Amino acid sequence: MTYLAKPKLHHPSLPTNRLGYTRRDYEGAVSTLCAGCGHDSISAAIVQACFELDIEPHRVAKLSGIGCSSKTPTYFLGNSHGFNSVHGRMPSVLTGANLANCELIYLGVSGDGDSASIGFGQFAHSIRRGVNMVYIVENNGVYGLTKGQFSATADRGSRSKRGAVNADEPIDMVGTALLMGASYVARGFSGDKAQLVPLIKAAILHRGSAFIDVISPCVAFNNHPGSTKSYDYIREHNEAVNFLDVMIGREPITAQYGPGELREVVQHDGSVLRLRKLHEDYDPGNRITAMNFLQEYAAKGEIVTGLLYVDPDPKDLHAHLETVDTPLNALGDTELVPGSEVLERINATLR
Ligand SMILES: Cc1ncc(C[n+]2csc(CCOP(=O)(O)OP(=O)(O)O)c2C)c(N)n1
Ligand code: SF4
Ligand SMILES: [Mg+2]
């Protein structure tokens, strides 16, 4: 047995959502990760987001690669579809599943090793194709599962637990996602659930490639002085540009805001992203200025978090390919095998 099932019993007065489910109905097996691992907090944030959005668990497909981070789908959404793929190959498996059935919510969970090294090409291409998904990288700057080697997101000059200094330039996953054309880009911190839950909720509602880089300290191999992915370092250098509230439909604004402090973004499905601005000069609607801002702050050693970029009306892979509305896996022989006459007509247009 590779996992421990959680007991089904729960307190009778646990709050329920509109579907009558409790938060427990969105949990998975008991985690076998190290106590204090940031990845467990991300799983808890995913559970909270799905509970609050009243999502039917069978509408979610969770996919991952290999790593401690990629093990986590076992620990949340135990009633959803799941596929633990090969190291770095989650994006292509997710793309295939999404093409076959466009009606599910696709949640790709990966690590910085899984996505910034062996799976870097897969990550980049799934983003540039606009696959409708939530792609979460649980970023700890190391290969946790294989005992703490530097990953490609480790900062130059940062120290490993054994004192080795990383000599290589880091890959910025957020910068890459922006460059590749992601239509929703955010960065969160596993130690800030209040910020992370709405970022995940808005990403789930977004109909396009949504990418979230979550800094997630590895307490076993990368939480010491000299690490730039430790809890202490992130708390000291976290530069949040906004705070997000997600509204399903338009609800009245009750809190008091000063001029210019609030920005609303209405997404394709009518959901409203209400952003409390913490940085007057930060505009999440402009990809180019977002990229410059991120670079400027990275050069100062600051880690910018929040909703960094959103295109409220994106086109996803199915829109690009002009597929039919019916999921392809629901089509019958009549639609899939139109016959030799139709084939002849198609071939004639290619001659
Ligand atoms: C093809 C292949 N190469 C190498 C490995 C060994 N391996 C397993 S997990 C891993 C890195 C995981 O790092 P990351 O994705 O950052 O996950 P973390 O454990 O840090 O959450 C590596 C190199 C493998 N399983 N398969
Ligand atoms: S080794 Fe690191 S990443 Fe893996 S479970 Fe332990 S703390 Fe988490
Ligand atoms: Mg890692």
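Before we look at the metal in this model, one definition: a donor here is an N, O or S atom within 2.8 Å of the metal, and water is not among the atoms, so a site may look incomplete. Keep in mind too that this is a predicted model.

With that in hand, hello everyone, and let's start at the magnesium ion, ligand 3. Which residues coordinate it? They are Asp112 through OD, Asn140 through OD1 and Val142 through its O atom, at 2.1 to 2.2 Å. If you write the donors along the sequence, the spacing reads D-x27-N-x1-V. Asp112 sits in helix H4 and Val142 in strand S5, 30 residues apart, and this pair links distant parts of the chain. Are these two buried or exposed? Asp112 has a relative accessible area of 2%, so it is buried. Val142 counts as buried as well, because its relative accessibility is 4%.

A polar side-chain atom of Asp112 lies 2.9 Å from an oxygen atom of ligand 1. Val142 also places a backbone N or O atom 2.9 Å from an oxygen atom of this ligand. For Asp114, a backbone N or O atom is 2.7 Å from an oxygen atom of ligand 1. On its own, ligand 1 has 590 Å² of accessible area, and the protein covers 74% of that.

How many residues surround ligand 1? The shell has 17, and the closest are Cys68, Ser69, Gly113, Asp114 and Gly144. By class, they divide into 6 nonpolar, 9 polar and 2 charged residues. Three elements each supply at least two residues of this shell: helix H2 (68–71), helix H4 (112–118) and strand S5 (142–143). H4 gives the most, with 4 residues.

Ile136 lies in strand S4, residues 133–139. With a relative accessible area of 0%, Ile136 is buried. Setting aside neighbours within four places in sequence, its contacts include Ile42, Leu107, Ser110, Ile200 and Val214. Ser110 is 26 residues away from Ile136 in sequence, yet their C-alpha atoms are 6.1 Å apart.

The other strand is S12, residues 272–277, and there you find Arg274. Why does Arg274 count as buried? Because its relative accessibility is 6%, and buried means under 20%. The side chain of Arg274 makes a polar contact with the side chain of Glu264, at 2.8 Å. Beyond its sequence neighbours within four places, Arg274 is in contact with Phe243, Asp245 and Glu251, among others.

Finally, a word on backbone angles. Most residues other than glycine have a negative phi. Leu77, in the loop between H2 and strand S2, has a phi near 50°, a positive value. Lys147, in the loop between S5 and strand S6, has a positive phi too, near 80°. Which of them is buried and which exposed? Leu77 counts as buried, at 0% relative accessibility, whereas Lys147 is exposed, at 62%.

Notes:
Residues numbered from 1 in each chain as written. Chains lettered and ligands numbered in written order. Predicted model: local features only at pLDDT ≥ 70, side-chain atom pairs only at ≥ 80, totals over all residues. Heavy atoms only, no water. Near = heavy atom within 4 Å. Polar contact = N/O pair within 3.5 Å; in protein donor to acceptor, adjacent residues only side chain to side chain. Areas by Shrake-Rupley, 256 points an atom, 1.4 Å probe, with all protein chains shown as cover. Nonpolar A, V, L, I, M, F, W, Y, C, P; charged D, E, K, R; others polar. Buried < 20%, exposed > 50% of the residue type's maximum accessible area, 1.4 Å probe, protein only. Contact = heavy atoms within 4.5 Å. Donors = N, O, S within 2.8 Å, 3.2 Å for Na, K, Ca; no water.
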